[in-house]
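This report describes how two parts of one protein chain meet. Please examine the structure below before reading on.

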Amino acid sequence: MKIKKGVSLIDQHDKNFMYGGKFGGNFIPETLKKPIDDLTKLFSKLRREKKFLNERDYHFQTYVGAPTPFIKLENLTDRLGGAQIYAKVVSEANGGAHKIYNATVHCLIAKRAGKKFIVGDTGAGYAGKMLSMAAKKFGLKCKIFMGAKDIKRQRPNVEAMKKNGAEVVPVTTGSQTLVDAVSECMRYWVSNCDLVHNCIGSTVGPNIFIKICAWSTAQISRELMIQVKDEFGKIPKKLKLINCVGGGSSAAGFWNEFMNTNAEFIGVEAGGPKNSKLHAAPLTNGSKIGILHGAAQYVIQDKEGQIGSTESISAGLDYPGISPLHCFLKDAKRARYTSASDEDALKAYELVSKLENISPSLEPSHAFAEAIRLAPKLKSSEVIIVNSCGDSLKDKDIIKQRLGSYIR
Amino acid sequence: MKSRIALAFDKCKKEKRPALITYTVAGDNSKSNSLKILNKISQHADILELGFPHNTPIADGGQIQGSSYRALKKGIKLKDVFQIVKKFKKINPNKPIILMGYFNLIYQCGENNFLKNCKDSGVDGLIIVDLPYPENKLFAKKCKKKFISFIQLLAPTTTKNRMRQIIRDSHDMVYYISMLSTTGGKLKVSSKKIIKNYNNIKKINNKINLVIGFGITDKNIRSLKSANGLVVGSLLCKIITNSIQKRQNPVTNLNKMLYKLKKEIS
């Protein structure tokens with residue numbers, strides 16, 4: 001399996017929309033074939049249209065806030081005594097996470113498609129919060145599907161969604177987490193695809209949603225490329241870009257522009273509680289390929305093909321599958337994947353929040369855990385950049401409960 | 001040689017009525033009850049659809065999700081599904097059985113292995129909810145080689161051109177989804193409109209056996225009886241749910257409903 005040069009990652013699929021012949025595709029009910037075809041055609045037109053690109057850039061600039069800061073974590077670097085550690089502080093984007101890029105683009109597309117109603121799924125609540133924000137801004141009615149368990153553990157984001165006028169629909173089937181929210185949202189779309197635009201919150205699902213999402217989050221690496229060249233004069237010879245992966249949307253965006261450079265990509269999955277067999281790390285733990293939410297991917301499942309349970313302290317990473325793009329990057333050996341446990345992530349959150357002016361949410365704390373593990377082993381000429389793609393505020397309750405106190 | 005599915009339609013046409021097609025989930029509410037249900041309702045039904053449950057169904061409504069959940073909780077596995085079919089076929093060798101489900105289970109089982117099991121147990125046809133045309137072409141061919149009908153689906157969103165292609169590549173039976181909905185939604189389109197769409201599809205090829213499903217109940221089945229076949233699924237799953245709640249025998253209650261449905265369309 002190989003990555004083609006000169007073709008953007010999202011376009012490296014065959015005529016059946018499969019990456020590397022094995023991942024992705026459109027395993028969907030017949031009812032969705034036409035809406036997905038229509039959306040595919042519309043997006044392929046829009047991404048080549050000057051006016052649309054200008055619109056996107058304008059909103060990224062004035063609404064999302066571009067560029068998000070790129071900072072050196074001096075204290076963390078000093079403490080660990082190894083590689084130079086930097087952070088791309090994507091959590092400074094409007095709303096506090098990278099999910100705003102995908103949400104904004106989807107609202108722009110929905111407007112072009114003449115839809116007045118947008119629906120989406122959410123795990124950590126960020127995708128939902130951002131979609132509700134963007135929907136409000138662009139005058140669209142909004143409904144968010146969220147697992148009942150996640151509604152309980154990500155209260156601040158739920159409140160934000162409601163404040164933005166979105167209807168939050170609790171999903172009480174299955175594990176009551178992200179996987180069930182995505183299923184329920186797809187079912188809702190099957191029933192209402194004539195009037196409703198669907199925004200899948202990550203680089204998962206039928207091919208077109210993977211494309212739109214990764215195309216949107218690519219803004220992160222477009223900014224970063226300029227910032228890195230400003231800081232170092234060129235791309236450092238030994239550069240590691242570390243990102244957490246749940247569905248994989250922030251990592252896909254964080255790495256995109258660096259695809260044809262020497263930068264090393266490290267994806268960090270949710271390893272779950274230290275003493276639990278459950279996890280949300282299909283790539284690290286060698287899960288088999290299966291079909292989930294319309295796409296072939298490595299997915300946690302049993303022998304029969306029933307989707308398996310996951311466990312992670314981080315709602316945003318608590319998903320049994322992983323973007324087909326990351327399956328492709330793994331098998332093409334362009335990126336490598338590892339996992340961090342709940343405990344590692346909590347420690348990383350604590351250390352970074354204590355030493356630095358940023359406070360990563362539990363999702364990027366998984367990436368910081370890996371950076372903290374690696375940095376002391378590396379030379380000071382080496383550079384690590386972590387995508388700090390979410391803010392800890394939403395995890396206040398969980399952190400307080402686990403660590404006794406919350407610092408930010 | 002004509003397939004059992006085609007023969008079932010021939011018989012119904014002779015009797016000037018649509019084929020009555022049922023859907024129940026294998027293993028709901030137990031392996032043995034599931035077999036009893038099939039044996040009983042086959043007295044009234046012409047074709048039996050049997051769902052092999054998946055825990056992440058993206059196109060099923062609440063009733064079928066509930067049935068699937070019950071079956072999975074009881075530990076139903078694919079091998080049990082095939083056992084149920086085999087045992088059923090021993091008693092009812094000529095009654096067509098169609099397995100219906102999601103592709104991941106076939107993918108994990110292996111396409112060839114799955115089809116071999118279908119053949120060995122006597123499965124007549126397959127409906128795979130998330131394997132649309134043209135992605136299903138290769139698999140559909142494999143089915144045909146084993147004399148198993150691969151049943152294609154058409155939806156209200158399917159374009160005319162696409163319908164032509166799908167019908168050209170279909171075997172024995174084509175399934176028209178009545179409305180934009182997951183299974184078991186409330187019928188939100190008038191029967192008249194559904195029949196109009198149905199007739200338009202028949203105009204493409206009058207010879208296909210075209211059945212209508214999704215949202216069909218004892219209340220509306222009569223108004224759709226000009227179709228070649230009508231599928232009732234969620235209603236039956238709901239009867240099982242209600243029977244369990246009221247501590248009644250689901251087999252008896254289902255049999256009553258089937259008798260009523262058959263009467264409505266005869």
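Between domain 1 of chain A and domain 2 of chain A, about 3600 Å² is buried, and carbon and sulfur atoms give 61% of this area. Buried area is the accessible area (1.4 Å probe) that two parts lose on being put together, summed over both. In domain 1 of chain A, Phe23(A), His98(A) and Arg153(A) lose the most area to domain 2 of chain A, together 20% of what that side buries.

This is a predicted model: local features need pLDDT of at least 70, side-chain atom pairs count only at pLDDT 80 or more, and totals for chains, interfaces and linings use all residues. Residues are numbered from 1 along each chain as its sequence is written, and side-chain values use heavy atoms, with hydrogens and water left out.

The domain bounds, which come from an automatic or database domain assignment, are as follows.

| Domain of chain A | Residues |
|---|---|
| domain 1 | 17-60 + 98-214 |
| domain 2 | 65-96 + 218-403 |

Taken over C-alpha atoms, the centres of domain 1 of chain A and domain 2 of chain A are 22 Å apart. In domain 1 of chain A, 42 residues are in contact with 50 residues of domain 2 of chain A, where contact means heavy atoms within 4.5 Å.

The count of salt bridges between domain 1 of chain A and domain 2 of chain A is 3. A salt bridge places a side-chain nitrogen of Lys or Arg within 4 Å of a carboxyl oxygen of Asp or Glu. The side chains of Lys22(A) and Asp331(A) form a salt bridge, at 3.4 Å from N to O.

Notes:
Chains lettered and ligands numbered in written order.
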